Every structure is written in structure tokens, then in C-alpha cells.
Amino acid sequence: MLKYLPVKFLRFLAISCLVTLISLGFDRLHPVKANPTLIAQNAWAGASFPVENFQTYTSGFGYRSSPMDGSQQFHAGLDMAAPLGSYIRNWWTGRIVELSDHTGCGTMIKMQSGQWTHIYCHLMGSVQSDSRGTFLIDRSGGIVLTLGQDIPAGARMARVGMTGRTTGPHLHWGLMYGNQYVDPALVLNAMYGSNPSGNS
Ligand SMILES: [Zn+2]
């Protein structure tokens, strides 16, 4: 009997750790579903559709099978196809809080607008740093952005590219409220009073 106690205890510990890990980390990936009030509360009149020459939504928010190995992956954004070089417009007046070009997201802008964080991936151009700061530069698009810069809603701030992990030109648009990902389709739905993604 005594011999088995440590095993049971270890199993208990393992399960406790797993539960803690799930509640700490994985929870962030859960979409905000029961939050229509939050989204309805915003005055969306000042918000901009984030991409010009929009064609179609190619991948929605949520779990999907990886095209590589079929495993389940969380897609924390909305993929919006548009021709290569189409201008991306800042969704909501805010500040550039991160610029990078070394992840699967490709050349990326992260904006902060109050509690909202908006993320734009697979952009044209590259990110460079020098003594004056960090910049996103897309010369042929006439784009130079500086980390920390304020950008008004609707301003052309980047172009649709093919950087990072992507099979075709599109904007990957991510949204967070606080530290939780939100389905961008819910916000577009609130902005335009329709259901842009075709799923609720
Ligand atoms: Zn995506």
C-alpha cells in the first residue's frame, strides 16, 4: 500500500501542474466569445477597414489543421487576401509598440490603442535598427515607420507582402483586448453590421 502512495502523489502533482499551466498560459489563446457587450460598446465610426483591394477571407480565427502535418493549431487572427502591394490601413488610432521581421509573421507591425492591440503580418519591407531607433522601411511603397510613432486610423502604413510563413499574398490581422485574442470578424461585424467571415 505504502509503495503505491508516492505514485499516486506524483500523479496528483503532475495533474495539478498541468491544470495550473493550462490556466496560466493556454487560456490566453482562447477566443473572447461571450463578449458582444465589449465589442458593441466601442464607437466604431472612427475605425478603418484594414486593407485596400480586399478580395476574400482565406482563413478565420480559431483552431485549424496545419497544412504541414495536420496537427491542430490555433490561428490567432483573420487572413484577408489582397493583391501583392495593396496598402494596409491602420484600423484604429494608436501607437506602434513593436516592429519585427524575424518570425513566421514576417515583417510585422504591432499597434496599441488603449486596451486594444492590433497586429499586421506578412508585410512588405524590412525592419532596421540604428542609433536613432527602429524602423520599418518599404521604399517602393513610400513607407517609413518608426517604433513609438502615433498613427491615425485609416492611414496607409504598410503594404501586403509575402514575408514570413505564407503561401499567398494576404494580411494576417490579429486583435487582442487586454491579453486575450479576439476574433477580428466579430469586430468587423460590429463595424459593418454584417458577418464578414461567414461563420459566427
Ligand atoms: Zn493568418
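Analyst: The model is a predicted one. Tyrosine 120 belongs to strand E8, which covers residues 116–123. The residue counts as buried because 26 C-beta neighbours lie inside 10 Å, and the cut-off for buried is 20 or more.

Some of its surroundings come from other parts of the sequence. With neighbours within four places in sequence left aside, tyrosine 120 is in contact with Ile88, Met108, Ile109, Ala158, Leu171 and Trp173. Glycine 106 is 14 residues from tyrosine 120 along the chain, and 9.4 Å separates the C-alpha atoms of the two.

Ala158, Leu171 and Trp173 from that list fall in a stretch with a record of its own. The unreviewed UniProt entry places the feature "domain: M23ase beta-sheet core" at residues 146–184. Over residues 146–184, 46% of the chain is strand and 3% is helix.

Helix H3 spans residues 184–192. Its buried residues include Pro184, Ala185, Leu186, Val187 and Leu188. Glycine 193 follows H3 and has a positive phi, near 65°.

For the chain as a whole, the secondary structure comes to three helices and 15 strands. The protein chain has 200 residues, of which 28% count as buried, tyrosine 120 being one of the buried residues. Among contacts with a separation of 6 or more, 64% join residues 24 or more positions apart.

Terms used. Residues are numbered from 1 along each chain as its sequence is written. This is a predicted model: local features need pLDDT of at least 70, side-chain atom pairs count only at pLDDT 80 or more; totals for chains, interfaces and linings use all residues. A residue is buried if 20 or more other C-beta atoms lie within 10 Å of its own, exposed if 12 or fewer, and partly exposed in between; C-beta atoms are placed from the backbone. Helices (H or I, at least four residues) and strands (E, at least two) are DSSP runs, numbered from the N terminus. Two residues are in contact if their C-beta atoms, placed from the backbone, lie within 7 Å. UniProt positions are given in the numbering used here, feature names are shortened, and annotations may be inferred rather than shown by experiment.
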